[in-house]
Amino acid sequence: MEVTFDTTVVCPPVIQRHERGEWTLLHDLKNHTVVRVNNQGLAVVEAVARHPRLGDAVAELAARFSMTFDDIAPKVLQFIFDMSNSGFLHIETYKQIKIKRPRLEAPKGIYIQNTERCNLGCVYCFNQEERAHFTKDHPEMTTEQLKWAIDQIADFGIPQINFCGGEPTLRDDLLEVAAHARDRGRLVCLVTNGREDGDEFLAAAADLFDVVWVSIDSHRREINDRHRGKDSYEPAMRSLRKLVQISDRRAIILAAAVISSNNWEELAEMKRYFLEEIGVDRFRATSYSPGCAVSLEEEWSLQPPPFVRDASVLPPPDTDFADFSAGFDLELEVEYDGKGGKKVRPPARVINHCGVGNGELAMLSNGDIYPCQLLCKPEFLAGNLFDQPLPEIYRESEILQQLRELTVDRIPGCSTCDVRYVCGGSCRATALEMHGDMEAHIDYQCDLYRRNAVDNLWRDSKIPIEHVAEARKKLLDVRKQVEGEKVELGVGVGGEEAADVTASQEEG
Ligand SMILES: C[S@@+](CC[C@H](N)C(=O)[O-])C[C@H]1O[C@@H](n2cnc3c(N)ncnc32)[C@H](O)[C@@H]1O
Ligand code: SF4
Ligand code: SF4
């Protein structure tokens with residue numbers, strides 16, 4: 001499109017601003033586009049908001065930065081092209097992105113409970129109830145049946161299989177079954193309490209799995225034991241120490257802690273200890289999900305950490321919210337690159353949902369399929385693999401269809417929130433446990449979710465510079481037109497600092 005100084009540049013109708021240091025994040029609440037600008041970039045957006053005619057905005061900026069119109073014009077044009085290419089600013093009219101209902105695709109991951117049995121009895125464990133009744137009433141699948149189930153999962157195209165439990169290492173065929181999943185091209189993750197700590201097993205696991213997640217709730221035995229019991233600390237620590245020593249391992253070694261009112265104050269120290277002293281590849285903290293554990297009946301009350309419930313309580317210094325997940329969330333932040341390698345998961349996209357019924361599934365050891373790990377209760381049974389093919393269960397189960405409709409727009413308190421399509425609303429299973437209503441707003445988690453959502457916006461606002469290559473080509477043409485000569489490419493607006501101006505877009 002030809003751009004002249006009479007061209008109208010249009011800002012989004014509603015912009016939410018977030019400040020961090022010298023940067024301002026601008027969030028278009030209609031199109032859900034986010035851009036990160038420095039002070040000069042912000043000045044351009046403000047000038048355009050006041051003077052939609054490009055020439056008028058340039059004139060205002062020239063006066064403000066004590067530059068001549070001709071000197072500042074190419075820099076402003078370049079920035080406006082970047083911003084329009086990224087979908088934030090618009091030429092002539094505001095183009096609203098139609099947010100299409102996402103196509104129903106195969107889930108990204110499935111949690112397989114190869115057994116509900118466990119050697120421990122952690123006070124908070126969300127699957128104690130089902131362990132008690134499944135181990136009694138249902139036979140576990142045989143090795144061959146588990147491989148058959150994995151074939152169904154692979155044929156359906158679910159890329160990631162997390163072996164969870166119960167304690168998955170209690171089954172002798174774990175490695176054989178996981179190897180089958182690997183052979184079928186799946187990303188395989190083991191979630192374990194570390195009980196199987198023999199050298200041979202750990203070497204095989206480190207070579208086979210993409211992620212080995214070892215659950216441990218503190219570097220201090222007495223704190224860990226309050227959550228996970230007295231037999232839990234040594235094996236988990238031993239496993240971690242041995243796993244990190246295995247050179248050329250395939251697996252990412254992850255120490256994962258559940259954070260509650262008991263251990264939140266030492267979160268930063270815990271993270272430092274596991275990352276620096278033990279040498280794990282990743283540390284992950286997850287807030288205790290209440291309501292699903294015997295802990296509520298315990299004499300001492302187990303609560304989620306106070307900073308999750310109340311924004312006025314500051315998290316421990318150095319707490320990195322990127323490491324902190326508010327509910328039970330097994331996203332492992334790696335995915336296949338299609339060639340057997342791993343890459344970091346791309347930034348979050350617009351979401352309107354916590355993911356229940358859409359994106360992930362859980363399978364119990366008898367082939368029962370549930371919407372998520374926290375909802376393995378009879379009323380949420382979606383089907384059984386022995387009765388119906390998996391894709392049919394996923395597409396046609398009534399309960400999954402109902403849960404998919406449970407969008408953030410239906411949750412009072414979330415439906416008008418500015419970050420709702422980044423947050424997705426908090427965990428619906430927790431809403432059910434805490435308020436008896438899957439559509440309830442969960443006050444105590446909201447602050448944490450909000451902080452995470454804003455962090456994600458900042459993260460999403462960074463993009464590689466090649467994304468704006470197209471804009472730069474157009475810019476060259478305009479510059480030639482404006483300056484009447486060939487020019488060098490540059491980035492940003494107004495001087496040295498302007499090289500930091502970046503713009504990005506979330507896909508609608
Ligand atoms: C159910 S366990 C199964 C795998 C294995 N037994 C273990 O402990 O790692 C999976 C993960 O869920 C975590 N978990 C269990 N109950 C939880 C709860 N109420 N809130 C948050 N995380 C929980 C455990 O700490 C563990 O990291
Ligand atoms: S959290 Fe894991 S180790 Fe603890 S009781 Fe539950 S299944 Fe067993
Ligand atoms: S930040 Fe809070 S109010 Fe906003 S969508 Fe998330 S849970 Fe709902």
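How many nonpolar, polar and charged residues does the shell around ligand 3 have? The count comes to eight nonpolar, three polar and two charged. Keep in mind that this is a predicted model.

## Around ligand 3

Let's stay with this ligand for a moment. A group of 13 residues surrounds ligand 3, and the closest are C414, C417, C423, C446 and R450.

Where do these neighbours come from? Two helices, α14 (420-423) and α16 (443-460), each put at least two residues into the shell around ligand 3. Helix α16 gives the most, with four residues.

## Around ligand 1

Next up is ligand 1, which has 20 residues around it. Y124, F126, N193, S215 and S289 come nearest. Two strands, β8 (187-192) and β10 (252-259), are the elements that give two or more residues to this shell.

Sorted by class, the shell around ligand 1 has 12 nonpolar and seven polar residues, plus one charged residue.

## Around ligand 2

The residues around ligand 2 include three cysteines, C118, C122 and C125. Also in this shell are L120, G121, G165, G166, E167, N193 and R228.

Split by class, the shell around ligand 2 has four nonpolar, four polar and two charged residues.

## The nonpolar core

The largest nonpolar core has 114 residues, and F163, V212 and A255 have the most contacts inside it. Helix α3 (residues 69-85) gives the most to this core, with eight residues. As a rule, nonpolar side chains in soluble globular proteins tend to be buried together.

Setting aside neighbours within four places in sequence, V212 is in contact with L190, A205, A206, L243, A251, I253 and L254.

## A look at P168

Is P168 buried or exposed? P168 counts as buried because 24 other C-beta atoms lie within 10 Å, and 20 or more is what it takes. You'll find P168 in the loop between β7 (160-164) and α6 (174-183).

Who are its partners? Not counting residues up to four places away in sequence, P168 touches N114, T115, F163, L174, L190, V191 and T192. F163 is also one of the residues with the most contacts inside the largest nonpolar core, and L190 is in contact with V212 as well. As for T192, P168 is 24 residues away from it in sequence, yet their C-alpha atoms are 6.6 Å apart in space.

Notes. Residues numbered from 1 in each chain as written. Chains lettered and ligands numbered in written order. Predicted model: local features only at pLDDT ≥ 70, side-chain atom pairs only at ≥ 80, totals over all residues. Near = placed C-beta within 6 Å. Nonpolar A, V, L, I, M, F, W, Y, C, P; charged D, E, K, R; others polar. Core = buried A, V, L, I, M, F, W, Y, C linked by C-beta atoms within 7 Å. Buried ≥ 20, exposed ≤ 12 C-beta atoms within 10 Å, placed from the backbone. Contact = placed C-beta atoms within 7 Å.
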